[in-house]
Amino acid sequence: MFSSPEEVFEKEKRYLMPTYKRPRIVIKGGKGAIVRDFFGNEYIDCVGGIAVNAVGYCHPEVVKAIKEQAEKLMHVSNLYYTEPQVKLAEKLSELSGMDKVFFCNSGAESIEAALKLARKVTGKHEFIAAEGSFHGRTLGSLSVTFGTKFRSAFEPLLLKGVKFVRYNDAEAIRKVLDEDTAAVILEPIQGESGVRVPSEGYVKAVREICTEENVLLILDEIQTGFGRTGRWFGKDHDGVEPDIMTVAKAMGAGFPIGAMLAKEGIEFESGEHASTFGGNPLACATALASIRVIEGEKLVERSRELGEYFMEEVRGENGLESSPQVKEIRGKGLMIGIELTQPCSELVEKALERRILINCTADKVIRLVPPLVIRKEELDKVISVLYEIIK
Ligand SMILES: Cc1ncc(COP(=O)(O)O)c(C=O)c1O
């Protein structure tokens, strides 16, 4: 297709909007937790499509499902019934404890649906979100996303009356609630702002406040869903049932699909919301295969065990966490944040030279969200490279 990576870089510069800052590597393929570049060099991937590639690259069961479904039916209008869509909705309900599903194509779209639905069922228009939150980049989802970095060029944003309160402080929510509040929206663990893990019981306390005050609780499980944190969903650590929940990322193993799930009685009526592609047969068959692999290979348990193993390895007297450059290492399952005392963007390049892909978020936090199929030896290699480059 191209004769050299430089040709790709040049044409990218010429034809694409510069929305992404990319290291100079062209990725051509992958298997498990490994990706291959233009020349066939292999890298251990700790970015995992930003928590998308939970089952790894080119999982045979997912590839087979895509091929089989593509030969039968890729798309038909949502004006007709299809089997994969109904089957996936049933499966999501079984896994999450939610009752009703609306399918879309991305995380931000599922947030849009959630905000719209919360307004409709409550008849109220204001939202409470958390400082440090990230819910997407469309104008609605951006309205509940925190931080000038994401928002300032686009203000005023669409939703008026969004109040941001301190994350990990349930009572702060009660203080700003009023008769116009439709819902509280939260991530069970904040991803983009640096893998910020709240105290045990925080999400439960927020649930109780929402119930007492009669406002809806929307949990954004877009990054935390499908085993990432060592449970099927982040909410399961606190045993909490939200009114509305959003998912995307790992559900489709790399095929774009998102969903908004809600409890019985919280739903759109015919004609109130729609998506042309949302829940099409190819996306749903792929997601069903992805979930089958997560279940069959016990990847939720694996995420928990490998996460615990990682923490054991990096903690302790001589562990990575004890080095002066590291402020804190935190996380749940294979959603791990290494907060440094200095910006970490340079380390992305250093890790790349050592054939490891890592991501730097919130300026000083290395976020590790590798495929859940990553092998223990691969994780050991990652730990030793991190040790080397951070020290
Ligand atoms: C918690 C959370 N919500 C929403 C989104 C937006 O999802 P998408 O990029 O699929 O629109 C993201 C993406 O990183 C996310 O991490």
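Reader: Which hand does the crossing of H11 and H13 have?

Author: A crossing counts as left-handed if the near helix is turned anticlockwise from the far one by less than a right angle, and right-handed if clockwise. Here the crossing of H11 and H13 is right-handed. Keep in mind that this is a predicted model, where local features need pLDDT of at least 70, side-chain atom pairs count only at pLDDT 80 or more, and totals for chains, interfaces and linings use all residues. Residues are numbered from 1 along each chain as its sequence is written, and side-chain values use heavy atoms, with hydrogens and water left out.

Reader: At what angle do H11 and H13 pack?

Author: Helices (H or I, at least four residues) and strands (E, at least two) are DSSP runs, numbered from the N terminus. Axes are lines fitted to C-alpha atoms, for helices over the stretch in contact, and angles run from 0 to 180 degrees between N-to-C directions. H11 (residues 299-314) and H13 (residues 376-390) sit at about 35°, with axes 11 Å apart.

Reader: How does H4 pass H10?

Author: In a left-handed crossing. H4 (residues 83-96) and H10 (residues 281-296) pack at about 35°, their axes 8 Å apart. Leu 88, Leu 92 and Leu 95 are among the H4 residues in this contact, and Ala 285, Leu 288 and Ile 291 are among those from H10. By class, the contact has 10 nonpolar, 1 polar and 3 charged residues; Ala, Val, Leu, Ile, Met, Phe, Trp, Tyr, Cys and Pro count as nonpolar, Asp, Glu, Lys and Arg as charged, and the others, Gly among them, as polar.

Reader: Zooming out, how is the chain divided into domains?

Author: Domain bounds come from an automatic or database domain assignment. Domain 1 is 21-55 + 318-390, and domain 2 is 60-296. Their contact takes 23 residues from domain 1 and 26 residues from domain 2. The C-alpha centres of the two domains lie 26 Å apart.

Reader: How much area is buried between domain 1 and domain 2?

Author: Buried area is the accessible area (1.4 Å probe) that two parts lose on being put together, summed over both. For this pair the figure is about 1,900 Å², with carbon and sulfur atoms giving 62%. On the domain 1 side, Val 55, Lys 332 and Met 335 lose the most area, together 35% of what that side buries.

Reader: Which residues does the cis peptide bond join?

Author: Most residues other than glycine have a negative phi, and most peptide bonds are trans. The cis bond joins Glu 155 and Pro 156, with omega about 0°. Pro 156 lies in the loop between helix H7 (148-151) and strand S6 (162-165). Phe 226 has a positive phi of about 65° without being a glycine.

How values were computed: Contact = heavy atoms within 4.5 Å.
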